[in-house]
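Dear colleague,

Here is the structure you will be taking over. Please look through it first; my notes on what was found follow below.

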Amino acid sequence: QREKGLVAETRLIADVVRSNAQATGSLAPSLDQISIGSGIEVFLFDASGGLVATKMGDTALDDSLALGAKSTMITDFLNGIWDSTSRLFGAAKPKMEFAHVDLARSLMMQALSGQTTSQTTEIQDGAIFSVATPVLRDGVVIGVVASTSPAGEIDRLVRYEREQVLRMFLIALLVSIGLSL
């Protein structure tokens with residue numbers, strides 16, 4: 001769902017860039033007026049593959065999804081057990097150092113052919129979604145808009161939801177013990 005949302009957002013940005021390019025005749029100022037989602041990085045390439053502009057969305061996470069937000073000693077303990085177990089039995093994700101622009105460039109060539117393309121990259125910090133879509137004017141590709149999600153965004157969402165389930169489990173356990181007594 002997150003990948004589909006990023007595809008839709010990237011297509012909308014490409015439409016705005018196309019409209020701005022028709023009005024101004026240039027791709028350059030197109031990203032300045034666009035509001036971008038939290039943590040998303042957007043890259044604008046021209047038809048020759050040169051990087052024209054970049055823009056980073058607001059890096060502040062939603063308070064309810066920030067790491068450690070509303071966590072308790074019990075949920076921290078249970079999350080520690082879960083993380084240790086998954087590291088012990090799970091496949092190790094590769095430790096990769098790269099820039100998001102490299103992911104954008106890897107998808108740019110397919111987008112220059114006129115196709116919207118997306119990719120999920122698994123790294124140690126979590127999954128990164130990247131999308132590239134062409135900017136078309138009269139059926140001709142005049143540029144490419146590529147966007148990448150922040151690393152570990154989905155993992156933070158899963159952790160938050162896991163904490164909610166653990167809280168409900170503990171409440172149900174206490175109610176059950178109370179009723180038994």
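Notes on the fold

The elements of the protein chain run α-β-β-α-α-β-β-β-α from the N terminus on, which comes to four helices and five strands. Helices (H or I, at least four residues) and strands (E, at least two) are DSSP runs, numbered from the N terminus. This is a predicted model, in which local features need pLDDT of at least 70 and side-chain atom pairs count only at pLDDT 80 or more, while totals for chains, interfaces and linings use all residues. Residues are numbered from 1 along each chain as its sequence is written, and side-chain values use heavy atoms, with hydrogens and water left out.

Of the 181 residues in the protein chain, 34% are buried (buried means under 20% relative accessible area, exposed over 50%, partly exposed in between; 1.4 Å probe, protein chains only). Contact means heavy atoms within 4.5 Å. Among contacts between residues at least 6 apart in sequence, 57% join residues at least 24 apart.

Cores

The largest nonpolar core has 17 residues, and Ile13, Val17, Val42, Val135 and Val145 touch the most other members. A nonpolar core is a set of buried Ala, Val, Leu, Ile, Met, Phe, Trp, Tyr and Cys residues joined through side-chain atoms within 4.5 Å. Helix H1 (2-24), strand S1 (41-46), strand S4 (126-137) and strand S5 (140-148) each give two or more residues to this core. H1 gives the most, with six residues. A second, separate core of 10 residues includes Val101, Ala104, Val144 and Ala146.

Thr117 is in strand S3 (residues 117-123) and is buried, with a relative accessible area of 12%. Not counting residues up to four places away in sequence, Thr117 touches Leu107, Gln110, Ala111, Ser130, Val131 and Ala132. The side chains of Thr117 and Gln110 are joined by a polar contact of 2.7 Å (a pair of N or O atoms within 3.5 Å; within protein, one must be able to donate a hydrogen and the other to accept it, and residues adjacent in sequence count only if both atoms are side-chain atoms).

The backbone oxygen of Gln110 also lies 2.5 Å from a polar atom of the side chain of Ser113. Ser113 sits in the loop between helix H3 (100-112) and S3 and is exposed, at 53% relative accessible area. Ser113 and Val141 are 28 residues apart in sequence but 7.8 Å apart in space, C-alpha to C-alpha.

Regards
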